[in-house]
Amino acid sequence: MKKKFLGGVLVACLAASLSTTAFAAEHTVLMLNGNATGVMVFEPALINVEVGDTVTFVAKDMGHNAETVSGLAPDGAASFKGELSKPVTFTVDKEGVYVVQCNPHSIMAMVGVIVAGAPTNLADIQAKAATYSEKFVMNKERLSQILAQIK
Ligand SMILES: [Cu+2]
């Protein structure tokens, strides 16, 4: 009886480790001129992933790129910078909150947020996002509103 129980625990542990390594999920975020939430947007604007997952940003409309914002990511996390109108795939390597922007539309608050695992650095990101958001000429509240949705 005891042996059977231990066997079950081992299977559960194995399944848990496989789910975080062998089966990394692939996520897609669209870059759009607009949707129901406004103009110049990432869709979805907030995405929850696990460390090891990939996120591919696809310019469904032309003239957008996706890139990490310096300082608005977990300490020591990998960064990326996509080319205009080209898809770019980012492999998430550290737990925490990442802000992604479209460079040409960053002053229009074309930003998105990736949460990998737990939002361990959320307070830090929220503080820095307030300063970063000062350059927005429209959608000034967009980034803080996205960050406010993180649970
Ligand atoms: Cu853009």
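Modeller: Buried means under 20% relative accessible area, exposed means over 50%, and partly exposed lies in between (1.4 Å probe, protein chains only). The model is predicted: local features need pLDDT of at least 70, side-chain atom pairs count only at pLDDT 80 or more, and totals for chains, interfaces and linings use all residues. Residues are numbered from 1 along each chain as its sequence is written, and side-chain values use heavy atoms, leaving out hydrogens and water.

Colleague: Why is S7 called mostly covered?

Modeller: Six of its six residues are buried. S7 spans 96-101. It is a strand in the DSSP sense (a run of E, at least two residues; helices are runs of H or I, at least four; both are numbered from the N terminus).

Colleague: How do you know which strands S7 pairs with?

Modeller: Pairing takes at least two DSSP bridges between two strands. Strand S5 (residues 67-68) and S7 share two bridges and are antiparallel. S7 and S8 are joined by six bridges, also antiparallel. Gln-101 is the bridge partner of Glu-67, and Gln-101 also stands opposite Val-111 in S8.

Colleague: Which atoms count as donors to the copper ion?

Modeller: Donors are N, O and S atoms within 2.8 Å of the metal (3.2 Å for Na, K and Ca); water is not among the atoms, so sites may look incomplete. Here they are His-64 (ND1), Cys-102 (SG), His-105 (ND1) and Met-110 (SD), at 2.0 to 2.6 Å. Along the chain the spacing reads H-x37-C-x2-H-x4-M. Cys-102 and His-105 are both buried.

Colleague: What makes the arrangement around the copper ion tetrahedral?

Modeller: Four donors qualify if all angles lie between 85 and 135 degrees. The four donor atoms here subtend 90 to 133°, so the arrangement is tetrahedral. The ideal angle for four tetrahedral donors is 109.5 degrees.

Colleague: What makes a set of residues the largest nonpolar core?

Modeller: A nonpolar core is a set of buried Ala, Val, Leu, Ile, Met, Phe, Trp, Tyr and Cys residues joined through side-chain atoms within 4.5 Å. The largest such set has 22 residues, and Phe-42, Phe-57, Ala-66, Val-92, Tyr-98 and Ile-114 have the most contacts inside it. Strands supplying at least two residues each include S1 (26-35), S2 (38-43) and S8 (111-116). S4 gives the largest share, three residues. A second, separate core of 18 residues includes Val-69, Val-111, Val-113 and Leu-143.

Colleague: Which residues does Phe-42 touch?

Modeller: Contact means heavy atoms within 4.5 Å. Not counting residues up to four places away in sequence, the partners of Phe-42 include Phe-57, Ala-66, Cys-102 and Met-110.

Colleague: How do you know whether Met-40 and Asn-139 are buried or partly exposed?

Modeller: Met-40, in strand S2, has a relative accessible area of 16%, so it is buried. Asn-139, in the loop between helix H2 (122-132) and helix H3 (142-148), has 26% relative accessibility and therefore counts as partly exposed. Met-40 has a positive phi of about 55° without being a glycine. Asn-139 has a positive phi of about 50°, and is not a glycine either.

Colleague: Where is the peptide bond with omega near 0°?

Modeller: That cis bond runs from Glu-43 to Pro-44. Pro-44 sits in the loop between S2 and S3.

Technical notes:
Four donors count as tetrahedral if all angles lie between 85 and 135 degrees; four count as square planar and six as octahedral if opposite donors are over 155 degrees apart and all others between 65 and 115; anything else is irregular.
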